[in-house]
Amino acid sequence: MDFRLDEDILLLKENIRQFIEEEIEPYSMQIEEDDHIPESIIKLSKEIGLFGLSIPEQYGGLGIGMVGKCALYEEIGKTHNGYTTLIGAHTGIGTVGIVEMGNEMQKQKYLPDMASGNKIGAFALTEPAAGSHATNLKMTAVKRGDKYILNGTKHYITNADVADIFTVMALTDKGKGAKGISSFIVEKGFPGFQIGSIERKMGLRGSHSAELVFEDCEVPVENVLGEVGKGYVNALKILANGRAGLAARNLGSCQYLLDLSIHYATEREQFDVPIIDHQAVSHMIAEMAMEIEALRSFTYRVAWMVDQKEKKIIKEAAMLKLYGSEVYNRVADRAVQIHGGMGYMKDYPIERFYRDARITRIYEGTSEIQKNIITGQLKKNYQK
């Protein structure tokens, strides 16, 4: 395995690092207070190509492999997590379904606008009765002539309020369980489709999650994504592909918190010495650094496996999602402890990262579901 980055990726990584430091970080507190990402930031993000990371060059994207993409996600993760979620949800689960499973007509129709950021992508699987139990969908899709009629509700859908293109899972055959689920490309303006209530969340301010309501929504037959009945398989592929990117964003946030903690512990004195010289603090920093380095190796190994396209990575992707989110939460907790009272204050970024970290153990598959997936895959391998 070779994780070395080529010169083009290294240059882009440096440009994104500079972009994050100069254009995003100065607005982090404003995003937190306003619960809104300024349009000027979105415009600049479009100009440097951030919305096209996952999209092939022939459709206007950057055409970057997963290893390179993770290198860029790592930089993006070092700023406000609401912003990173907007970008990550679009370039990850919002677009990879069309890239990987769309036909040529679908790709030509949707990907250029998604690559430019003129149209934002979102992924809609979760329902009130189908969160961790993802096969328990209630939303239906009934074929009538040259259209499918969708009825039902989705909730907690990231980017819903700003998205234009949705990858939506629905039941086309109630009697077949998971094999009766199909995936559809739904446009914001389709008749019978509307955005419902926007949720109020603990963290990720600036990145909004909302309800989607489908009431006799008309979706053309040509907007079926992949084969009819393969929607659940599609969803698993999309989520597995996206988990390396999510881990890379978590990795960037962890590194940012470690850097802040080392700086603070070096400058802050107690009992006449910098607190980094106290064993309790130095051990916390050592543990943070060790887990971050392990996460970095694991992230790029799984990213390399995605690029090789040689075998299924369901187990490895689940392990990475689980490990990355757990490490982020432990690192954020230690960062608060090292900063003491300052770490609990809203005037500093530490408490924001602490709140934002918590969702990573829930969204895109809870930690408990990842353990189920891992054990299930191990059991299958053992039986073989």
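**Helix α7 and beyond**

Modeller: This is a predicted model. The buried residues of α7 pack against α5 (81-91), α6 (96-101), β1 (121-124), β4 (165-171), β5 (181-187) and β8 (224-225).

Biologist: Which residues of α7 are buried?

Modeller: Q106, K107, Y110, L111, M114 and A115 are the buried ones in α7.

Biologist: What makes residues three or four places apart point the same way?

Modeller: An α-helix has 3.6 residues a turn, so residues at that spacing point the same way.

Biologist: How many residues does α7 have, and what span does it reach?

Modeller: Helix α7 covers residues 104-116, which is 13 residues. From first C-alpha to last it reaches 18 Å, close to the 18 Å expected at 1.5 Å a residue.

Biologist: Where is the kink in α7?

Modeller: At Y110, shortly before the proline P112, with an angle of about 35 degrees. Y110 is also among the buried residues of α7.

Biologist: And what caps the N-terminal end of α7?

Modeller: N103 does: one of its side-chain oxygens lies 3.2 Å from the backbone nitrogen of M105. After α7 comes G117, which has a positive phi, near 85 degrees.

Biologist: Changing topic. Where does Q370 sit, and is it buried or exposed?

Modeller: Q370 is in helix α12, residues 367-383. It counts as buried because its relative accessibility is 0%.

Biologist: What does the side chain of Q370 reach?

Modeller: The backbone oxygen of G365, at 3.2 Å. If neighbours within four places in sequence are left aside, Q370 is in contact with R243, A318, K321, L322, E364 and G365.

Biologist: Now H283. Which helix is H283 in?

Modeller: H283 belongs to helix α9, residues 279-308. Its relative accessibility is 42%, so H283 counts as partly exposed.

Biologist: How many Å separate the C-alpha atoms of H283 and E100?

Modeller: They are separated by 44 Å, and the two residues are 183 residues apart along the chain.

Key: Residues are numbered from 1 along each chain as its sequence is written. This is a predicted model: local features need pLDDT of at least 70, side-chain atom pairs count only at pLDDT 80 or more; totals for chains, interfaces and linings use all residues. Side-chain values use heavy atoms; hydrogens and water are left out. Helices (H or I, at least four residues) and strands (E, at least two) are DSSP runs, numbered from the N terminus. Buried means under 20% relative accessible area, exposed over 50%, partly exposed in between (1.4 Å probe, protein chains only). A polar contact is a pair of N or O atoms within 3.5 Å; within protein, one must be able to donate a hydrogen and the other to accept it, and residues adjacent in sequence count only if both atoms are side-chain atoms. Contact means heavy atoms within 4.5 Å. The expected span of a helix is 1.5 Å times one less than its number of residues. The bend at a residue is the angle between axes fitted to the seven residues ending there and the seven starting there.
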